[in-house]
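I opened this model to look up a few items and kept notes as I went. The entries follow the order in which I looked.

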Amino acid sequence: MQSNTDSSGASGTYSQTVGLLYVFNLIVGTGALALPKAFQSAGWLLSITLLTFSAFMSYVAATFVIEALSVANAVLSKKRRVEYDDVVVADGPSTFEIAKKVEVSEMASMFLSKVSLVFSYFAIIIYLFGDLAIYSTTVPKSAMNIVCSTINASIVKSSDPCHESWPEILTRMTVYRFFVIIFVVVVCLPMVIAGITKTRHIQIMTTLSRWAAFILMISLATMQLSSQGAAAHPPAYNFHGFGSLFGCAVYAFMCHHSIPSLITPMRTKENVFGKIAVVYGIVGVFYFTLSLTGAFAFEHVQDIYTLNFLHDDNTSFVYSIIDYFLALFPIITLTSSYPIIALTLINNFKVVKDILCPKTGQENESLLEEDNQVEDNDTDDERDTRNARSERTVFDVLVPTLVLALPTFLSLLTDDMLLLASITGSFPGVAVQFAIPCLLVTAARKHARSVLNFPVPRKNNSPFQSPIWIVLISSWAGFSMIMVLLNLVGVKF
């Protein structure tokens with residue numbers, strides 16, 4: 001989506017302030033809904049420490065993506081000069097200006113070896129699978145909690161009946177699974193088939209609802225703390241909760257795959273590294289406020305934090321409207337995002353297929369000859385039908401089926417959103433947020449020196465130039481993944 005024409009006449013650009021606001025909105029997503037539960041499980045001091053460190057590492061990786069983006073622009077600039085001038089002009093600082101959007105996948109194709117390229121795509125694919133599983137769990141679980149009657153959503157079990165008057169077979173888990181099928185098959189499948197993507201109006205609606213929901217949750221939890229005191233007293237630290245906290249922290253700060261789309265349209269990139277650091281700081285304060293108020297205000301925090309405000313002791317009409325809005329918030333935002341993630345995942349599968357099994361020249365030639373033989377005898381309708389049929393391979397049928405079926409199967413197995421967010425953030429999320437940016441910036445710096453014969457200019461350089469930062473990020477990611485794995489298998493600390 002492009003923004004409106006700016007005052008200077010450049011189409012599709014916006015001010016740096018607007019761009020930074022987009023970065024803020026991108027980072028602060030529904031992943032934050034799992035943080036209060038993770039804070040309460042891991043302890044307030046450990047949570048603050050780990051979230052701060054994870055946010056800093058995420059910021060370092062974000063600067064790596066921006067530096068690699070500037071090198072990618074220099075590569076494209078050199079290609080254009082060669083094509084149009086037929087003369088290789090010496091590269092200079094101006095060629096590194098970020099003027100053209102180059103997605104992370106395109107940069108991987110430019111700079112990485114085939115092995116690293118395939119690794120990057122598979123990491124993104126697995127991460128997107130986790131994303132869809134989280135979506136197809138969060139939406140049905142929210143819908144189930146709205147439909148089922150409970151005294152307090154914090155103390156119910158999945159085996160409890162949905163309503164006392166309903167048959168025993170209709171437990172909360174049964175109703176949840178029914179909503180999983182409805183959400184995927186009835187709601188999302190038609191949108192995926194139709195190729196529906198976000199419109200400008202949907203984007204504005206989801207942004208406004210996100211801001212309203214998070215501000216309301218912070219305000220209500222703060223009011224409850226001030227009037228009733230702390231309902232829970234989390235410990236300072238509990239290392240057994242490290243795994244869920246780390247996974248949620250990575251998931252909550254995920255923005256790296258979309259950085260090129262947000263940074264490139266900015267009319268000025270002056271001091272962009274420093275200003276993005278400010279955005280990260282504001283997001284961190286926002287997360288601390290949301291998570292700490294929730295961890296202390298509720299005795300049992302739900303893995304989907306909005307559910308803590310549903311069916312509570314507030315019986316006034318205004319509070320009821322607010323509570324149901326908060327319960328509907330994940331449904332509104334994630335339903336519009338699900339088809340986009342699914343279509344992105346399908347496209348990534350197609351790219352990996354082309355990388356691993358490229359069409360040979362002979363195959364393309366034989367297809368061309370076959371087309372020429374029947375072309376003269378076909379009507380337009382027959383030709384269109386034949387082309388459509390030839391393009392539909394087994395791969396084209398299996399991939400969309402797999403993309404929808406696997407996350408749905410995971411959601412049918414468990415309604416534990418915190419577990420899904422922890423695993424998604426801790427393993428494929430680590431690769432997308434830490435490993436891929438490190439691979440990209442290392443290869444991009446080498447390409448700038450050896451191929452472009454010009455180092456990355458200072459203004460486009462990440463502030464973290466020393467190789468020690470890549471070692472530090474890799475060590476942190478490796479240590480955290482081991483800790484998560486130990487937590488998952490039940491090792492006590």
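**Entry 1, ground rules.** I am reading a predicted model, in which local features need pLDDT of at least 70 and side-chain atom pairs count only at pLDDT 80 or more, while totals for chains, interfaces and linings use all residues. I number residues from 1 along each chain as its sequence is written, and side-chain values use heavy atoms, with hydrogens and water left out.

I looked up how many salt bridges the structure holds, and the number is 5; the term stands for a side-chain nitrogen of Lys or Arg within 4 Å of a carboxyl oxygen of Asp or Glu. One of them joins K459 to E97, with the closest N and O atoms 3.2 Å apart. I noted that K459 lies in the loop between α16 and α17 and E97 in the loop between α3 (44-85) and α4 (104-111), so this pair ties together parts that are 362 residues apart in sequence. For the element names I rely on DSSP runs numbered from the N terminus, helices being H or I of at least four residues and strands E of at least two.

K459 also pairs with E270, the closest N and O atoms being 3.6 Å apart. E270 sits in the loop between α9 (259-263) and α10, and K459 in the loop between α16 and α17, so parts 189 residues apart in sequence are tied together here. I therefore record E97, E270 and K459 as linked in a network of salt bridges.

For exposure I use relative accessible area, where buried is under 20%, exposed is over 50% and partly exposed is in between, with a 1.4 Å probe and protein chains only. By that scale K459 is partly exposed at 44%, E97 is partly exposed at 34%, and E270 is partly exposed at 48%.

Are D303 and K141 buried or exposed? Both are buried. They form a salt bridge whose closest N and O atoms are 2.9 Å apart. D303 belongs to the loop between α10 (272-297) and α11 (317-356) and K141 to helix α5, so the pair ties together parts that are 162 residues apart in sequence.

N461 lies in the loop between α16 (428-450) and α17 and is buried, with a relative accessible area of 18%. I see a polar atom of its side chain 3.3 Å from the backbone oxygen of V456. E164, in the loop between α5 (114-147) and α6 (172-194), is exposed at 73%. I noted too that E164 and S149 are 15 residues apart in sequence and 8.5 Å apart in space, C-alpha to C-alpha.

Definitions and conventions:
Polar contact = N/O pair within 3.5 Å; in protein donor to acceptor, adjacent residues only side chain to side chain.
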